Amino acid sequence: MVQTGSFQWMKSLNKSVILNKIRTSGPISRAQIAKETKLTPPTVSSIVKELIEQGFVKESSLGMSQGGRKPTMLVINSSEFFVIGIDAGPNEMEMILSDLSGDILYDSLTPITHPINETRFMDMLKTGIREFLNKYNHLKEKVIGIGVAMHGVVDVTSGMSLFAPNLNLHDIPLKEQLEAEFSYPVKVENDARAMALGEAWFGESGGAHSMMAVNIGRGIGAGMVIDGKLYHGEFDTAGEVGHMTIDIHGKKCQCGNDGCLQTVASGPAIAEKAVQALEAGEKSVLAEKAQTEDSGITGELVYRAALENDELCVALLEETGRYIGIGLTNLIHVMNPGKIVIGGGVSKADRFILPSMKEEIEQRALTSKAKLTDVMVSKLGDRATSLGAVSLVLVELFDPEVIAAQ
């Protein structure tokens, strides 16, 4: 490919290699970049000069002398450029304006009113982006792209939302419409996979060769990152772990199958089990709390009651942790990730779900090393998915393999 590619392609590829080396190893000298990338010193110097002129790289300090002059060290100029990251649904639309290091300059959160159609959904997206650009008009030229983490099934190549089940939307050309409206490249990805990439870029992946992020909220989805690359599967459906069958005699899922993981471990599943327990006559502060809540009994309300040591709610969350642990054990046996990060609304109840989750893994995993798979709650919190959307754009900028494939 190098021999047949154009000079411009070579230049872009080398630029990406150097950018990524500075990102991962900076502060770093020009000489060290040349040594570690196997590029010639003149090539490195020429490209670094261009990157500095463009504002992507800046000189920081002087390094240690190796017998001559102290080398000038290079770092990414993270605060010079920005990305709009969007977590699109299913219950709310979060937008952030982030610099290249993941520091958030501005954010907004807009509830999604159900039911919603394609026109209103796209209007929400476009209006939110316009508000960002109007508020930060002086930074318009510094925005390098828009990342959209979309609930449901996504065609990554075309940037189309094929099916968003909780929104009941089909075949929305997100990339096409947003690129037609705005002058930025747009990347679209499933929300759980975007979250996984965000964890790999901005979270505590700990240098793991492979990691999995599991988003547990209204539904359950996962993303797998191997050597910094998202794994999509053959037909872009990798990560739909919420539809892993846990109980063949269980409740019918919205996907049409019986006993899926998300029928027993998602936020709505927790709320439904709480309602059933109350109807069966079990005692709980939930009944009183629900009378003062406009939304009735929710997974969040169960969590708040558990914080007050309500026995029913504590037991429900511990049981949820066991189901999740069973699901994660299945994933460990199939994918064997070095680390699993849990995110989403249900993960906020980690003090109740994490011990039973880890206990199930320890009991069920096949080998001693598999039993010790590192499972942790995301440190990125509610921003994990929107930062994942930001990372979709950053991959395009820093990843030489992505450029080579284009």
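Modeller: The answers below go from the whole chain to single residues.

Colleague: What kind of model is it, and how are residues numbered?

Modeller: This is a predicted model, in which local features need pLDDT of at least 70 and side-chain atom pairs count only at pLDDT 80 or more, while totals for chains, interfaces and linings use all residues. Residues are numbered from 1 along each chain as its sequence is written, and side-chain values use heavy atoms, with hydrogens and water left out.

Colleague: How many helices and strands are there?

Modeller: The chain has 15 helices and 16 strands. Both are DSSP runs numbered from the N terminus: helices are H or I with at least four residues, strands are E with at least two. The radius of gyration is 23 Å, close to the 22 Å of the globule rule for 406 residues, so the chain is as compact as a globular protein of that length. That radius is taken over C-alpha atoms, and the rule is 2.2 Å times the number of residues to the power 0.38.

Colleague: And what box do the C-alpha atoms fill?

Modeller: Along the principal axes, the box is roughly 80 × 50 × 40 Å.

Colleague: How much of the chain is buried?

Modeller: Buried residues account for 51% of the 406 residues. Buried means under 20% relative accessible area, exposed over 50%, and partly exposed in between, with a 1.4 Å probe and protein chains only. The chain exposes about 19,500 Å², of which carbon and sulfur atoms supply 50%; accessible areas come from the Shrake-Rupley method with a 1.4 Å probe, and for residues only the protein chains shown count as cover.

Colleague: What about contacts between residues at least 6 apart in sequence?

Modeller: Of those contacts, 61% join residues at least 24 apart. Contact means heavy atoms within 4.5 Å.

Colleague: Which residues other than glycine have a positive phi?

Modeller: Among them are K38, with phi near 65°, and N336, with phi of about 50°. K38 is in the loop between helix 2 (30-37) and helix 3 (41-54). N336 is in the loop between helix 11 (311-335) and strand 15 (339-343).

Colleague: Are those two buried or exposed?

Modeller: K38 counts as exposed because its relative accessibility is 70%. N336 is exposed too, with a relative accessible area of 52%.

Colleague: K15 is a lysine as well; why does K15 count as buried?

Modeller: K15 counts as buried because its relative accessible area is 18%. K15 lies in helix 1 and touches I47, E50, L51 and Q54, not counting residues up to four places away in sequence.

Colleague: What does Q177 touch?

Modeller: Leaving aside neighbours within four places in sequence, Q177 is in contact with E118, M122 and K126. Q177 is part of helix 5 (residues 174-181). The side chains of Q177 and K126 are joined by a polar contact of 3.4 Å. A polar contact is a pair of N or O atoms within 3.5 Å; within protein, one must be able to donate a hydrogen and the other to accept it, and residues adjacent in sequence count only if both atoms are side-chain atoms.

Colleague: And which residues does T385 touch?

Modeller: Not counting residues up to four places away in sequence, T385 touches D87, A149, D191, A194, M195 and N215. T385 is in helix 14 (residues 384-398) and is buried, with a relative accessible area of 7%.

Colleague: Where is Q262, and what is in contact with Q262?

Modeller: Q262 is in helix 7 (residues 262-265) and is buried at a relative accessible area of 10%. Outside four places in sequence, the contacts of Q262 are G219, I220, G242, H243, C253, Q254 and A269.
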